Amino acid sequence: MGKKEKKGNGLNYKQTFLIGFGFMGCMLLWSVYNSYVPVIFRAKLTELTDGGAKLPAFLSVALFVNAIMTIDNIFGVIFQPYFGKRSDRTHSKWGKRMPYIIICLPICAAFFCLIPVAATVKATALSVVLMMTVIIFFNFTMSIWRSPVVSLMPDFTPSHLQSDANAVINIMGGVGQMIGFVVGTIATTLVGLLGFTAVHDALKAKTNSLGQILAVNADGSPVVNYLNGFDPSQYKDHVDNFIASGRDKLFFDGTSFSSAGTDSQLVAQKVVDMSKGTPQYVNYTPIFVVAAVITVLCLVILTIFYKKNKANDLSADVYMEESGDKPKKIKIKDLPISKEERTSLITMLAALFLINNATEAIVPNFTNFALDTLNVKPIYSTLMMAVFAVSLAAFGIPAGAMGRKLGRKKTIIIGLTVIVVMFGIYLLVSQVINNRMFTWIVLWIALVVGGAAVGCININTLPLVLAIGGRDYVGTFTGYYYTATFSAAITGPILCGALIGLFKEDYNYMFLFCAIFFALGLAVITRVKHGESKPEDEEWLKEAVEAADD
């Protein structure tokens, strides 16, 4: 059965805004998760494997960290569609979606808080096992309520108003993401105001990557214990970076030193200031707790709204049965399109896969890159990511207008060209010229310009794919699009982690990886010959894109 529709004069913005609190909480958790979990896990795995020395040659800490960060995408592909359909067939006094959200969101938030807590366990192997267990349960419970929370908007909004409603929901999601980027600063401030000085010192002062309080010398740098006959003067750049970074131990792969030790690769270790008590692994726990509390508050607002407005739920009395005329999956070779259009489709999907390998590799690696290369703690590097996100969001409407005026393919090519050039300039300045001031200037420019460039790409790729198939095959071509992008979301971080590990955990190679895959995507997309829509197609394309985003 279809949904009942209530025709109104216009969108109920207050109602849509309140519905958006669910999506806001979801994006807040993901923002914090993607920013901090890679840093925490890297520190623990580095400790467990002695900087990767105990791993086989083809494996690395960076590879494992990036592989762990794909769990959410894997679970999203497997579980989200299932629970989304399951919620369609649910009946309760709380409607179809709310039971999943009310029950699973608090459980999900609890598992979320336990991630940094598991990292405080002193037995490293046990700590890693506990973290993996908690992360798996967090991702699973998130998969249960994520699709239902996204489906709330269509449940409360007539189809002819869903385009405007989706814009409101996306704004709320963007707000959640922004809060996630600044929640580290919020948590640090709150901890200080509440008077937990030991925790506050661990968050603000010189600490290692998990918050142990370090002994510092006269200039405020951590005291370092050099091992195995290591001469720091011979490796000044490495030592300076190590002292300023959040890492605990310095490893040199493949280098031997005169004094024998339990591990000849470990050459330096930061000294913990025991005068301040037992080392405290508290650095990120307040951040996760604050994020979880805000998310639960979002649930409270959403629950109060639903209780008062459940009579407006258009799907409340509609049972979504499995229909016999459900669209069948169509193989590309069986599509009723020309050979040239089929070639363009395959080429476009290949380009999408390459491009998204690059974009998906940035998220799980940026905070570790900032920590190692820029000596910037995650609570501050997330503010840099916020600049990129704001630029991406702000350029959404101009990117769409460019696609309609210049052509979607040309706009995507412009975006790819700009971002490849920006990454190339950054690599040149940071690796060849090696000037710190220039590196910072170029990086900030790259964050702003890169956000706009990615906007040109993201806004125009799905409409281009849908236009190849035409109005009759929207569902089929949307499926092709998400197959390509979700596949890249799994392979991108893993491949990037492998490259970083290959170059001895140098996170600068993240930019090389992304530049290569963006360049490959650019080369491939130039071969696409179809997909530009006619003016009369714009309306149904807009509706199809909005539906796909839901």
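Modeller: Helix α1 is mostly covered, with 30 of its 36 residues buried. Buried means under 20% relative accessible area; exposed is over 50%, and partly exposed lies in between (1.4 Å probe, protein chains only). Helices here are DSSP runs of H or I of at least four residues, strands are E runs of at least two, and both are numbered from the N terminus.

Two notes on the basis. This is a predicted model, where local features need pLDDT of at least 70, side-chain atom pairs need pLDDT 80 or more, and totals for chains, interfaces and linings use all residues. Residues count from 1 along each chain as its sequence is written, and side-chain values use heavy atoms, leaving out hydrogens and water.

Now the geometry. α1 runs over residues 13–48 and spans 51 Å from first C-alpha to last, close to the expected 52 Å. That expectation is 1.5 Å times one less than the number of residues. The helix still bends, by about 30° at Y36. The bend is the angle between axes fitted to the seven residues ending there and the seven starting there. A proline, P38, follows within four residues.

Next, the ends. At the start, a side-chain oxygen of N12 comes within 3.3 Å of the backbone nitrogen of K14. A polar contact is an N or O pair within 3.5 Å; within protein, one atom must be able to donate a hydrogen and the other to accept it, and sequence neighbours count only if both atoms are side-chain atoms. Just after α1, D50 has a positive phi of about 55°.

Ring pairs join W30, Y33, Y36, F112, F138 and F288 into a cluster. Rings of Phe, Tyr and Trp (its six-membered ring) pair if their centres lie within 6.5 Å; planes under 30 degrees apart are stacked, over 60 edge-to-face, the rest tilted. The structure holds 25 aromatic pairs. One of them, F75 with F79, has centres 5.3 Å apart and planes at 80°, so it is edge-to-face. F75 is buried at 15% relative accessible area, whereas F79, at 24%, counts as partly exposed.

F112 is buried at 0% relative accessible area. F288 is also buried, at 0%.
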